[in-house]
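Trainee: I would like to discuss how the chains of this model meet. May we take the structure as our basis?

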There are 2 protein chains.
Amino acid sequence: MLGEEIAFGPGKADLLDAIARTGSIAAAARDMEMSYRRAWLLVDAMNRCFRNPLVNSTSGGNQRGGASLTDTGHDVLRQYRALQQSLDAAADAQRASLEQMLRRKPAP
Amino acid sequence: MLGEEIAFGPGKADLLDAIARTGSIAAAARDMEMSYRRAWLLVDAMNRCFRNPLVNSTSGGNQRGGASLTDTGHDVLRQYRALQQSLDAAADAQRASLEQMLRRKPAP
């Protein structure tokens with residue numbers, strides 16, 4: 001969060017991955033089955049929330065041109081994936097012991 | 001989750017804490033500003049989802065008597081709090097570095 005705005009999260013991370021993979025916001029939006037407008041708004045929010053932009057759109061603004069991650073974009077994405085892995089690892093280690101105490105099916 | 005049912009989570013953990021502190025489901029419900037019926041349903045769900053009950057109600061069933069955590073209840077609560085702490089610790093370590101890349105306020 002940055003103030004009231006969601007600076008980064010799982011959906012934005014997946015969108016960055018899709019932009020890196022496809023080379024454009026429009027193609028990334030299609031891949032993720034979201035509207036171009038929604039993808040563009042998510043990119044705009046990220047670019048405004050971070051000190052440096054995360055995505056470069058080569059034709060800029062609202063035009064549908066090529067897009068790529070900046071160095072900051074790659075860095076934020078890498079750190080976010082590392083954070084997710086740490087949380088998953090921390091959860092897995094302790095969750096197993098809790099889950100062993102569950103029944104297989106809820107009692108009626 | 002156990003099947004479709006939420007076996008345990010932050011609200012149920014807080015309810016167990018309140019039952020341990022107050023010694024009754026009714027008093028725990030008042031403390032948490034929820035209805036007795038809702039507290040009772042949450043306790044019932046926990047008791048059905050785990051192999052052993054987490055809460056003993058001394059007058060049993062739907063009567064409003066004393067209640068306490070079983071050994072399993074204490075154990076689940078302790079392990080859940082440890083899980084939360086691990087996740088918080090894992091998040092704190094890596095989140096700081098991501099947050100340093102944010103602006104102080106969203107750009108307009």
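Mentor: Contact means heavy atoms within 4.5 Å. This is a predicted model, in which local features need pLDDT of at least 70, side-chain atom pairs count only at pLDDT 80 or more, and totals for chains, interfaces and linings use all residues. Residues are numbered from 1 along each chain as its sequence is written, chains are lettered from A and ligands numbered from 1 in the order in which they are written, and side-chain values use heavy atoms, without hydrogens and water.

Trainee: How many residues of chain B are in contact with chain A?

Mentor: The side of chain B that touches chain A has 18 nonpolar, seven polar and seven charged residues (Ala, Val, Leu, Ile, Met, Phe, Trp, Tyr, Cys and Pro count as nonpolar, Asp, Glu, Lys and Arg as charged, the others, Gly among them, as polar). On chain A, 32 residues take part, and the number for chain B is 32.

Trainee: Which helix gives the largest share of the side of chain B that touches chain A?

Mentor: Helices are DSSP runs (H or I, at least four residues), numbered from the N terminus. Helix H3 (36-49) and H4 of chain B each give two or more residues. The largest share, 14 residues, comes from H4(B).

Trainee: Are H4(A) and H4(B) roughly parallel or roughly antiparallel to each other?

Mentor: The axes, lines fitted to C-alpha atoms over the stretch in contact, lie 9 Å apart. The angle between N-to-C directions, on a scale from 0 to 180 degrees, is about 170°. Angles over 145 degrees count as roughly antiparallel, and the two helices are therefore roughly antiparallel.

Conventions: Angles under 35 degrees count as roughly parallel, over 145 as roughly antiparallel, 65 to 115 as roughly perpendicular and the rest as oblique.
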